[in-house]
Amino acid sequence: MAKKELFALPNVQTPNRPVVFDPDYCTGCNICVEVCPIDVYIPNPEEGKPPIILHPEECWYCGTCAVDCPCPGAIKFNWPLQARGYWKNRETGKIGQI
Amino acid sequence: MTTWHDYLKEEGRPPSWPYPVRFEQEREVDTDILVIGGGIAGCWAAISAARLGMRVALVEKSDTVRSGSGGPGCDHWCNAPANPLSRVDPDGWARHMASRPYSNGIGIQIQCREDFDTLLEMEQMGGKIRDTEDEYVGVEGRDDKTKFMISPRYGTIHSYFPDPRMGEPNFNPPETRNNVVIRVWGSTFKPALKKECKRLGVQIFDRVMGTGLLTENGIQGARVIGATGFDTRTGEFLIFKSKATILSTAGAGSIWFMSMELGGYSNMHSRAISGDGTVMAFRAGAELTKMEAGGVVRIATGYKHKWYTGGGDASYENVPLVDANGKRLPYPIQGWVDAGAMVPAPGVEEKIREGILKGEYALPFYADFPSMPKVEQDATWKLMLGEEATTKVIIKTFNEAGFNTRKDMLQSYKFIEGQSLPQWREAGYGGGLLVDWNLKTSLDGLYAAGTQMFAPEDHSYAAATGRYAGRKAVAYARGIGESKLARDQIETIKNRVYAPVRRSGGIEWKELHAGIARVMQYYASEFRSESLFKMGMDALEKIETESVPMLYALDPHKLMRTLEDLSILEYAKIIIQASRARKASSLPLGFQRLDYPDVDPPEWNKFMTIKLENDKVKIGDLPPEFWGDMKQQYETHNRDYEGVYRGK
């Protein structure tokens with residue numbers, strides 16, 4: 001394994017990734033940047049690319065970025081581990097989780 | 001790449017600030033009506049003023065398209081007793097609503113008289129308020145003629161608690177229901193409101209935070225003639241000159257919460273709710289009331305599971321709650337069967353707890369969607385849950401993950417997620433600006449609407465009072481001439497606003513926030529007394545003199561957060577000072593004084609008021625129902641009211 005330089009970085013904020021962008025579907029239109037009430041995102045310096053998540057820990061999970069996104073499949077909401085709801089199939093008893 | 005760390009790894013450097021930086025640069029805006037806060041109340045205020053032909057500027061800290069608590073959506077248009085299906089008299093219903101202790105009879109009367117007209121105007125603008133596609137034919141409460149969907153909430157009386165008659169034979173039959181609450185598709189509302197603002201020529205200043213009110217000759221208590229703001233992306237300083245100003249920002253949502261990271265999971269209060277408007281008005285000399293009020297936050301604390309991924313504390317809205325074996329729990333569900341009750345009768349929760357320990361109820365509990373008729377499942381899942389504010393994305397996530405209301409039961413966390421601590425309190429929905437029958441504050445030229453007023457209510461209340469404040473501000477502004485802004489007042493605000501960006505190191509906003517929250521948890525939460533208040537004030541003043549001068553902010557966004565926490569610091573001080581003035585305990589105010597343990601003694605049944613005069617705190621009081629005869633006062637003040645908008 002090639003030796004990579006190890007940088008000294010601070011811990012990431014928690015949660016760090018309230019959404020996951022799919023660059024295959026995201027056109028970089030930045031509508032999510034505009035609708036987000038608290039500026040979680042900034043536009044990507046490279047035009048046409050998904051925005052950068054700059055203030056993830058300020059997200060209040062209002063979901064408007066995902067709901068108002070005009071490109072289906074571009075944004076997937078990524079609930080933090082402690083906020084992933086469960087359900088149970090009434091007949092089989094099988095447990096599901098988001 | 002999506003995260004900042006990914007970017008850093010790939011590019012070898014952090015991204016540059018993406019917006020032009022204009023710290024301290026000034027821009028002046030001259031308008032007739034200035035609205036600060038572009039949520040539901042603010043948008044309605046702007047629209048109603050612009051429809052009367054006035055020049056309107058709307059200032060919003062986020063983007064008007066989705067900002068505010070009602071921005072993502074709203075599933076209930078509450079208290080619309082003037083709707084054609086209602087069985088109650090609007091004035092009688094208003095009196096009923098306002099009979100709750102320390103409520104706002106003025107706002108409630110306006111809501112009950114005008115929020116159905118407001119709803120019809122919402123429809124004119126493109127908001128969806130009826131089942132026009134016949135998606136929910138057969139759902140209980142749907143009126144096939146008007147296609148309105150009446151909500152199960154408030155089946156007979158207004159209460160979140162169960163009706164004492166619950167369980168009696170023929171309880172809450174369809175022919176006696178009051179029909180005052182309408183289910184709506186509120187996620188369509190905010191974009192439609194912004195569109196209408198634009199169509200009417202309202203000048204919208206998105207991403208601008210209000211930072212101070214400007215008064216005649218810069219004097220505290222004088223007429224309000226404008227305001228200042230700053231652009232939260234560029235740092236530019238804006239100076240607004242106006243004939244009348246309407247404040248429609250929110251209360252302060254996170255005063256007692258230390259962690260802003262976990263606070264982010266709250267779906268009731270975003271980080272941005274920081275009392276900016278209340279503090280601006282207080283500094284300008286406006287009178288506030290009910291500032292000592294506050295209770296434990298039971299939902300949406302950020303420490304609990306996000307509401308509609310299953311908190312029984314908010315109920316499942318018409319979905320039966322069962323245990324792990326399918327046994328029905330005696331917990332109200334805000335449905336027809338319990339006439340909209342959301343909170344169990346005293347003792348019920350304890351009984352369920354005992355049942356868990358004895359093995360009578362098996363954990364975890366579930367919302368039994370499959371037991372409901374299909375059309376009711378759909379109306380609950382897609383409409384009531386799907387449209388309720390931040391829940392649309394929750395429904396989307398569950399659907400994508402395979403959850404199906406036909407087969408699956410949604411887990412409830414009510415009894416397994418832990419209880420709220422007495423220190424987790426809220427101040428967002430109690431205190432606020434004192435208003436008169438014109439929704440004018442105690443300052444000339446300054447009006448208030450929605451959550452900005454004391455004892456505010458819900459979405460339709462914000463809409464109706466915003467619409468009302470807009471037209472009252474216009475009536476006032478018509479008689480106002482030119483005014484001259486006081487430069488020294490602008491300079492004072494500017495120095496306060498930009499102080500943190502003139503430093504490059506010190507304390508950041510998050511630590512300031514945590515420090516304030518800690519003081520409030522220790523000295524102004526469950527237990528209150530004069531000696532604790534004194535320690536709390538000393539501690540907040542210590543923060544103010546020692547830590548605030550060390551605040552720094554590297555970019556306009558961080559400056560916004562810093563200024564929000566400075567608002568919260570001032571708000572916290574107001575809470576403590578208002579609390580000192582009430583020398584009695586009170587149940588409805590969530591106010592327990594160790595040194596005055598008498599609960600709600602009659603002589604303290606009054607509103608306490610607080611304001612600044614020559615920078616000194618002045619306490620006053622007002623009798624309960626100081627607003628007088630609600631029907632008569634409303635009619636006296638609204639002889640010219642024209643009903644639903646008929647313009648183009």
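Helices (H or I, at least four residues) and strands (E, at least two) are DSSP runs, numbered from the N terminus. With that in hand, have a look at Glu349(B), which sits in helix α8 of chain B, residues 348-358. This is a predicted model, where local features need pLDDT of at least 70 and side-chain atom pairs count only at pLDDT 80 or more, while totals for chains, interfaces and linings use all residues. Residues are numbered from 1 along each chain as its sequence is written, chains are lettered from A and ligands numbered from 1 in the order in which they are written, and side-chain values use heavy atoms, with hydrogens and water left out.

Back to Glu349(B). Contact here means heavy atoms within 4.5 Å. Setting aside neighbours within four places in sequence, Glu349(B) touches Tyr331(B), Pro344(B), Lys414(B), Phe415(B) and Gln419(B). With Lys414(B), the side chains make a polar contact of 3.4 Å. A polar contact is a pair of N or O atoms within 3.5 Å; within protein, one must be able to donate a hydrogen and the other to accept it, and residues adjacent in sequence count only if both atoms are side-chain atoms.

Now for the place where the two chains meet. On chain B, 62 residues are in contact with 52 residues of chain A. Together the chains bury about 4,800 Å², 59% of it on carbon and sulfur atoms; buried area is the accessible area (1.4 Å probe) that two parts lose on being put together, summed over both. Eight salt bridges cross this interface, each a side-chain nitrogen of Lys or Arg within 4 Å of a carboxyl oxygen of Asp or Glu. One to look for joins the side chains of Asp39(A) and Arg207(B), at 3.2 Å from N to O. On the side of chain B that touches chain A, several elements give two or more residues, including α1 (4-11), β15 (408-412) and α15 (556-581). The biggest giver is α10(B), with seven residues.

Strands meet here too. Strand β5 of chain A (residues 86-89) pairs with β15(B) in the antiparallel sense over three bridges; two strands pair if DSSP finds at least two bridges between them. Within this pairing, Lys88(A) stands opposite Met409(B).

Finally, some backbone details. Leu363(B) and Pro364(B) are joined by a cis peptide bond, with omega about -5 degrees, and Pro364(B) lies in the loop between α8 and β14 (365-367) of chain B. Asn30(A) is not a glycine, yet its phi is positive, near 65 degrees.
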